[in-house]
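Q: Please take a close look at the annotated active site of this model and at the sheet around it. Where do the annotated residues sit, and what surrounds them?

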Amino acid sequence: MQVGAGKIVVLGTGGTIAGTAANAGDNIGYTAAQVGVQQLLDAVPVLAALAGGALVSEQVAQVDSKDMPFDVLLTLAARCAHHLADPAVAGLVITHGTDTIEETAWFLHALLDARKPVVLTCAMRPATALVPDGPQNLLDAVAVAAMPGARGVVVVAAGAVHGALSVRKVHPYRIDAFDSGEQGPLGWVEEGRVRMAHAWPVNAALGPGVTGGSSEGTAAPSALPVWPRVEIVMNHSGADGRVVDLLVADGVAGLVVAATGNGTLHHALEAALLRAQAAGVAVRVTTRCTLGRVLARPTDALPVDAQGLSPVKARIALWLELYRTRRTAQGPAAG
């Protein structure tokens, strides 16, 4: 393949790709986030050649992605912004756990001015497995990051390139655990060559207010304002809305609703959500359906997520919206 000029920076955050198990045949009883990112790279010697010899690593965090906190996401975004601003860097690869990789991808898509590729990759089997999938995913991710013209935040796994908007984890165990719904993959990696079916994603970075608008990224966590709390509730048969009332009483700032069908809600749940909205809680309606999006109606009393995001991504979007509003209101002293 033709390798782009510049170095590839690999940022490690942990996950199954860095996991270990006592038994090489155990693909579910492992402990995530045990192997350092440089050790992962050293286990695949051909990576350096694929990156043109300019491959460097940085351990940003070491966590199981099911436990991914917002302070790590902010730190990761800051490190990405820092490296993207370096003219010597051609692209980034991020090793991550599968459970919340779609949320992190959307978070970075919303924050970064990614005119270079930011490629998240992962594994469904730990590094100690008899046949781990992490090394091949790493190889494919570096191939995408090194591709001339590549840009935007994408997820690479099982030979497919997924955009941050559409990617989702759809299986709890198998190697090919991701898809992009109606959109389909952006492309595929075949023996080190990237074949694109769609254009590279264009990021709509939020700019100043979350990453500070600089290559150094966010302020230290201790200097940040109180972060808004955003929760997800689901519509289902018999939904009475009590959980919404309890969340409002507990100080929740935003609620994302995984509604049924085209944004339909049990009348008791809808009434509770309207009470929450009247009390100043931001509410966004999505659908629990795995395909399609909610089509807003003129009679809707609750705002529909305009981007057609899944509930977990809509939560990220609402969190960022509220975070930015709070930070702006608190002024420069907040960070």
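A: In this predicted model, the end C-alpha atoms of residues 7-198 lie 25 Å apart, and that span is 26% helix and 27% strand. UniProt, in an unreviewed entry, lists these residues as "domain: L-asparaginase N-terminal".

The setting is an open sheet of eight strands with mixed pairing, ordered E2-E1-E3-E4-E5-E6-E9-E10. Strand E2 (55-63) and strand E10 (193-196) form its edges, each of them pairing on one side only, and from one strand to the next the twist averages 25 degrees. Within this sheet, strand E3 (residues 89-95) pairs with strand E4 (residues 117-121) in the parallel sense over four bridges, and in that pairing Ile94 stands opposite Leu120 in E4. Helix H4 (residues 101-111) packs on the sheet, where it touches E3, E4 and strand E5 (152-157), and the direction of H4 makes about 165 degrees with that of E4.

As for the site itself, the UniProt annotation "active site", again from an unreviewed entry, covers Thr16 and Thr98. The two span 83 residues in sequence, yet no two of their C-alpha atoms are more than 7.3 Å apart, so they gather at one spot.

Thr16 lies in the loop that runs between strand E1 (7-14) and helix H1 (37-42). With a relative accessibility of 7%, Thr16 counts as buried, because that value falls under the 20% cut-off. Not counting residues up to four places away in sequence, Thr16 touches Tyr30, Ala32 and Gly97, together with Ala123, Met124, Arg125, Pro126 and Ala127.

Thr98, for its part, lies in the loop between E3 and H4, and E3 and H4 are the strand and helix already described as touching each other where H4 packs on the sheet. Thr98 is likewise buried, since its relative accessible area of 4% is under 20%. If its neighbours within four places in sequence are left aside, Thr98 is in contact with Ser65, Cys122, Ala123, Met124, Lys169 and Phe178.

Conventions. Residues numbered from 1 in each chain as written. Predicted model: local features only at pLDDT ≥ 70, side-chain atom pairs only at ≥ 80, totals over all residues. Heavy atoms only, no water. Pairing = 2+ DSSP bridges. Helix = DSSP H or I, 4+ residues; strand = E, 2+ residues; numbered from the N terminus. Axes fitted to C-alpha atoms, helices over the stretch in contact; angles between N-to-C directions. Contact = heavy atoms within 4.5 Å. UniProt positions renumbered as here; feature names shortened; annotations may be inferred. Buried < 20%, exposed > 50% of the residue type's maximum accessible area, 1.4 Å probe, protein only.
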